Amino acid sequence: MVNIQLSSRLSGEKSSIVSGKTYTVGEAIQRIGWRTFHTKVVCIIGVRWFQDSLLTILTVILAQVLRCQWQLLPAQVTWLNASMYIGMMVGAYIFGKISDIFGRRISMLLSSGLTLYFSLLSAFTQDFTWLFLTRFIVTIQMGIGMVTVVCLAELVPPDGRARSILAVDVFFAFGGSFISLIALGLVQYSWRYVVFVSAFVELIFFLACLWLPESPCFDIVSGDHAKAYRTLTKMANSDDELIHEGTLIGNRNTHRGCLKDAFTPELRVTSVLLWILWFFIGFLYFGLVVVSGEVLLVERQSCRGSSDIINTLTPHETPDCLLTCHELDDKDYLAVFIMSLAELPSLFVVFMVVDWWGRKITMAAGSAVLVALFPLVLTCLGYSSLVIILSVARSIASAVYQTCYLYSPEVYPTHVRSIACSMGFMTSRIGAACGVFVVIYMINYSSYLFVGMFTGVSFLCIVISMALPIETRLQTLSG
């Protein structure tokens, strides 16, 4: 234990930590309240999410562009898309483990440095094999996503946790829109220029991470009370607050990053249900992302009453048209831009209700909207209406996804938080990889099966969300 001086000009409960009293990191952060420090942290983590969205959409764009330029086989396109989710799955476990053992900041710096290096390397590749390998390594580094959420959740006060995690998803939405506009302007010259832009964004995040402090929650469980003290005083002093004395307490835990701790009697049911929910949400959201690329490949015309969504969209009369290479045009890039921005409205709705309804009901309600929405794909409303339906569905799926991001770090204690949450992240990427294969193959076979499967998965998300045994609304994080 160490004596720590904290907070603040605030009145009431947040006014000070009384001299001679003991308190935990969570209590200190709650009493300090929201400061400029926290706004900076949100912006830094937001840049990371901006980059994750950028890299996700970039992979889809590269797959479609190189399908024509390099005359890729359908299997190569499929594996290039699916490798993104497999890489994230592998990276989630690696960086979740590193985060719980060595710290959140170290894992983020390591991931960002490797992403920057291999992104630049991929821009100079001349064949599919080397492109696949370098981009796969980049996607492994994207597995850091859950660690950034854990770090953010541990640094912000409980009443600001929902708005901060949802705020970084606004960055995520703009990331996809940004890269679609960059691709619109630069792909005609070379796809390599678009990759260089993504590397520049990664450089910004790497430099910002040099300022980002370690999570004081991690410092406590790793036994470094003095470092936790420095971070907490940095929070309190960010607005030149007056300081008061108190004693920081917390127990060291050398048994960090052990996955079996997520299966203690009080967490076992929650972990199993939550990871299954992550799988289904990943299936839905990333499946819809790939649908954006696959459906927009071909020219559009009015519906002829076919039950096959691809037949509904193609202007040709024979299935041979599916073998034709259709390059993305300006209309397609603008559609991707619109679909990315379309995620924003549902996020604002979630922002307003998630601390009122709670995490479980919010996820269940969003999934219920998807159940009602997916059957509309079977109605023949034309290309523009299809873009709107897919945009709204993607927006709702993103909102459910972000609520799950919010919920997961609140469930687990600090010593297992990163690895347990990263396991959820892993299962979502397994679901995403499954969604890629289902979309690419099933959408060409039968739209009824496609819609039926996505509707069924959405219904299961409702059931699992309501079955979760723990509600975490406005709770401080456990030590």
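Which residue forms a salt bridge with glutamate 154, and how far apart are the closest N and O atoms? The partner is arginine 104, and the gap between the closest N and O atoms is 2.7 Å. A salt bridge here is a side-chain nitrogen of Lys or Arg within 4 Å of a carboxyl oxygen of Asp or Glu, and that rule gives a count of 8 salt bridges.

A quick word on the numbers. This is a predicted model, in which local features need pLDDT of at least 70 and side-chain atom pairs count only at pLDDT 80 or more, while totals for chains, interfaces and linings use all residues. Residues are numbered from 1 along each chain as its sequence is written, and side-chain values use heavy atoms, with hydrogens and water left out.

Helices (H or I, at least four residues) are DSSP runs, numbered from the N terminus. Both glutamate 154 and arginine 104 are buried, a word that means under 20% relative accessible area (1.4 Å probe, protein chains only).

Glutamate 154 also pairs up with arginine 417, and here the closest N and O atoms are 2.6 Å apart. Since arginine 417 belongs to helix 17 (residues 414-442) and glutamate 154 to helix 6, this contact ties together parts that are 263 residues apart in sequence. Arginine 417 is buried, at a relative accessible area of 0%, and glutamate 154 counts as buried at 1%.

Another salt bridge joins arginine 161 to glutamate 410, with 2.9 Å between the closest N and O atoms. Arginine 161 is in helix 7 (residues 158-186) and glutamate 410 in helix 16 (residues 383-411), so the pair ties together parts that are 249 residues apart in sequence. Arginine 161 is buried at 1% relative accessibility, and glutamate 410 is buried with a relative accessible area of 5%.

Now for helix 1 (residues 25-32), where the buried residues are Val25, Ala28, Ile29 and Ile32. Looking down the axis of helix 1, these buried residues fall within an arc of 95 degrees, so they line one face of the helix. That arc is taken from the directions from the helix axis to the C-beta atoms. An α-helix has 3.6 residues a turn, so residues three or four places apart point the same way. Just after helix 1 comes glycine 33, which takes a positive phi of about 75 degrees.

Methods: Buried < 20%, exposed > 50% of the residue type's maximum accessible area, 1.4 Å probe, protein only. Helix = DSSP H or I, 4+ residues; strand = E, 2+ residues; numbered from the N terminus.
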